[in-house]
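Me: I would like to go through the aromatic side chains of this protein with you. Could we begin once the structure is on screen?
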Amino acid sequence: MYAGLDFGTSNSALGIWEDNQPKLLTLDNGSRFISSTVYIGKSQQFMQLRPQDQTLAHAMSGDGEKIFGNDAITKFLESPEDGFFVKSPKSFLGARLKPQQLLTYEKIVRLMMSNIKRLGEAQTAQPIESIVIGKPVKFHGTQGEQGNQQAVQVLTSAATDAGFKRIEFQFEPIAAALDYERSLNENLTALIVDIGGGTTDCSMIKVGPAYRELTDRNESILGYSGDRIGGLDLDIKLAFRQLAPLFGKDELLKTGLPTPANIFWNAVCINNVDAQTTFYSAVNGREIHKLLRDARPDSVLDRLLHIYESMLSYHISQSAEAAKIALSSTEVTSVDMAYLEAGLRTDINREQLQTAISNELNKFISLMKEVEQQAQVAPDVIYVTGGTARSPIVDAYIRAAYPDARIIFGDLFGSVASGLTTWAHRIFS
């Protein structure tokens, strides 16, 4: 049996071909999507290791519990000290990693893929052996094409170890185009904009009945672009600008100097291995204690120390993400920060979110313009997908940049998975 797998930065989805159309399977308590998270418990055997050996890699090889999706988030928020929590491993696959780090992330991806495969096969009652996996135009990282190749190699190895026998890849914006194409009865030139959790990808592609049955779409692709920005980057920017002041950002020390911004950036930048390693290092711990000694009486830097000691960066990101999502449907939202201090809350409004993410909004538009310049043709339609695109701020930015365009918002979370399933049907059936 064949399927399409959108192994996403924020969420993942698995589709099969049924009744001549893609069908997304349920993966997490009745949902078609599962959060790209895993909680790896610390076993008794693990706790007997020397402190320097109590690493994520050792925990994964032990018999501690492995929990996925929203249940993993709940478990981590309840008992952060009892296990390791990994969110959005896809964000790291193109990064410059040490061999052991790369192997650890490969094992994490295999765990998550194995879980998705198991959940899918429980519904299909037959093994899923052939898979089309989505890939962004550019994986998150600083290694360029080398990082892209590294990421595909990790995904291939993980998928093989998870039990898939035939593995193919398709660009995520092309997959979104294939999903849109199924509904067309005319040929169009479409600008596909996929704003996901970790990357934003655009493609200009000819779609419609004349192209629907092709197994090679290279000639119909007029241009594509992508960058390593997505919903997770918006969360980080919002956390840095609106939440970090609650634990000392911009605070003045006794010397009259402000607290160093890089400490707070490293604290919230959960998609950067180097930033997180630096923040949780012993050297940085000493720096935070030094800041506390230099702090004024009304300082809130003790909250920064609490983040450091309790490893709360993911909590901060979770709060920012929840605020961002809430602001999709309301003008102002209240953020509960009680994990830093009892009763601590702050309000964030939509204008503050827009200010925090203005650079990313401009980048979304520049990627669209880049594809248009490559293709040397204006699109007949702009098809927008990806979970980040549900924000009214993103919607308004795109409409302002293309005031006369025909803009269609697809299944924001399911278009890519449905398109990958469509491609799997085309090449495997």
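Me: Is Tyr224 buried, partly exposed or exposed?
Reply: In this predicted model, Tyr224 is partly exposed, and its relative accessible area is 38%.

Me: Which aromatic residue pairs with Tyr224?
Reply: The partner is Phe171, and the pair is tilted, with 5.3 Å centre to centre and 40° between the planes.

Me: Where do Phe171 and Tyr224 lie?
Reply: Phe171 belongs to strand β9 (residues 166-171) and Tyr224 to strand β12 (residues 221-227), so their contact ties together parts that are 53 residues apart in sequence.

Me: How many aromatic pairs does the structure hold?
Reply: There are 14 aromatic pairs. One of them joins Tyr2 and Phe428, which are tilted at 40° between the planes and 6.5 Å centre to centre.

Me: What does the pair of Tyr2 and Phe428 tie together?
Reply: Tyr2 is in strand β1 (residues 2-7) and Phe428 is in helix α16 (residues 415-428), so the pair ties together parts that are 426 residues apart in sequence.

Me: Are Tyr2 and Phe428 buried or exposed?
Reply: Both Tyr2 and Phe428 are buried.

Me: Which residues do ring pairs link into a cluster?
Reply: Phe76, Phe85 and Tyr314 are joined by ring pairs into a cluster.

Me: Changing topic to lysines: which ring has Lys369 over its face?
Reply: Lys369 lies over the face of Tyr402, at 4.1 Å from the ring centre.

Me: And where does Lys117 lie?
Reply: Lys117 is placed over the face of Phe164, at 5.5 Å from the ring centre.

Methods. Residues are numbered from 1 along each chain as its sequence is written. This is a predicted model: local features need pLDDT of at least 70, side-chain atom pairs count only at pLDDT 80 or more; totals for chains, interfaces and linings use all residues. Side-chain values use heavy atoms; hydrogens and water are left out. Rings of Phe, Tyr and Trp (its six-membered ring) pair if their centres lie within 6.5 Å; planes under 30 degrees apart count as stacked, over 60 as edge-to-face and the rest as tilted. Helices (H or I, at least four residues) and strands (E, at least two) are DSSP runs, numbered from the N terminus. Buried means under 20% relative accessible area, exposed over 50%, partly exposed in between (1.4 Å probe, protein chains only). A charge sits over a ring if NZ of Lys or CZ of Arg is within 6 Å of the ring centre and within 35 degrees of the ring normal.
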